[in-house]
Amino acid sequence: MLTITDLHMHFGGIRAVNGVSLTIELGTITGLIGPNGAGKTTLFNVIAGLHKPTSGQVVLDGEDITGLPPHALFHKGMLRTFQIAHEFSTLTVRENLMMVPPHQSGERLVDAWFRQQKIRDEEARIGARADEVIEFLQIEAVANEQAGNLSGGQKKLLELGRTMMADAKIVFLDEVGAGVNRTLLNVIGDAVLRLNKEREYTFCMIEHDMEFISRLCDPVIVMAEGQVLATGGAESVKNNDAVIEAYLGTGQYRHVFLSAKEADSRAPHSARLIVATRAIGAAIRQGLPWLLPAVCLHCRVITQHNAP
């Protein structure tokens with residue numbers, strides 16, 4: 001469905017996206033993960049037309065869309081959300097949804113003057129569609145609430161709902177779970193799965209919550225330093241040595257993932273607890289709770305095996 005070939009995005013001497021090639025298949029939910037600064041959001045921005053790439057090609061359904069502006073991509077069925085929700089804060093949830101469909105009659109001055117019944121009929125149809133979206137997302141309780149008063153998770157649901165008001169072919173979700181409590185995150189996950197299965201939406205999402213990614217995504221693409229590092233199922237990438245190194249680094253952080261015998265030859269006992277502490281801290285700073293069990297298990301094995 002979407003093919004990216006040798007995509008580059010340079011900012012001066014910084015290669016934020018450095019030769020990325022990947023394919024997103026029709027009907028899939030593709031996860032995009034990687035440490036902070038890996039180039040994930042920049043890649044989204046290039047695909048979605050916010051940045052014109054330095055070089056490379058983006059093809060959607062056989063059509064070259066490289067460098068097209070966001071409004072042109074919207075009409076081709078490519079939509080995206082942002083890490084920080086972009087709602088109309090003084091409009092209600094329902095009104096935010098009704099703003100999405102393009103080419104509404106009320107946008108034209110002539111219609112506003114002479115075809116008011118046409119506008120009312122159209123608004124009734126759009127309003128009915130908005131009500132369906134509100135019911136689908138289970139946000140009836142806040143349908144008439146100003147969007148600026150919503151919680152972070154509710155705003156993410158609203159952004160997802162706005163993609164449902166357009167004829168989307170592919171939707172890019174940028175950290176849809178960031179700052180969202182677990183209950184609302186489950187609601188968002190359920191909505192994404194239903195849209196994928198029932199309405200055949202194709203998704204690509206950036207996310208740091210590996211539990212959320214594991215539940216929804218296959219395949220998972222890992223980026224590091226502007227390049228694709230690994231691709232596969234969630235479990236395979238979590239256990240990939242190159243992925244672990246990208247998150248925790250090499251050198252002393254890597255000792256934690258060596259066998260007890262290897263660690264004994266590489267680090268004195270006095271350094272092992274420091275290594276363990278730093279590795280655990282690195283996992284926490286990167287927002288990677290999925291790494292902590294592996295870190296802690298290896299730390300326990302290393303310290304017990306090599307105790308003086």
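Which residues have the most contacts inside the largest nonpolar core? They are L137, V192, F203 and M205, in a core of 51 residues. Do keep in mind that this is a predicted model. Here is a quick tour of its cores and pockets.

**Nonpolar cores**

**Largest pocket**
- The largest pocket holds about 550 Å³ of space, and 19 residues line it.
- To find its centre, head for F74, L79, R80, F82 and R162, the lining residues that lie nearest to it.
- Helix 2 (70-75), strand 6 (78-80) and helix 6 (152-164) each bring at least two residues to this lining, and helix 2 gives the largest share with 4.
- By residue class, the lining of the largest pocket has 11 nonpolar, 5 polar and 3 charged members.

**Second largest pocket**
- About 160 Å³ of space lies in the second largest pocket.
- Its lining is made up of P35, N36, G37, A38, A224, E225, Q227, V228, L229 and A246.
- Strand 10 (residues 227-232) gives the most to this lining, supplying 3 residues.
- Here the lining splits into 6 nonpolar, 3 polar and 1 charged.

Notes: Residues numbered from 1 in each chain as written. Predicted model: local features only at pLDDT ≥ 70, side-chain atom pairs only at ≥ 80, totals over all residues. Heavy atoms only, no water. 1 Å grid on protein atoms, 1.4 Å probe; cavity = no way out; pocket = protein on both sides within 12 Å on 5 of 7 lines; lining within 4 Å. Points joined across faces, edges and corners; volume = space filled by probe spheres on them. Nonpolar A, V, L, I, M, F, W, Y, C, P; charged D, E, K, R; others polar. Core = buried A, V, L, I, M, F, W, Y, C linked by side-chain atoms within 4.5 Å. Buried < 20%, exposed > 50% of the residue type's maximum accessible area, 1.4 Å probe, protein only.
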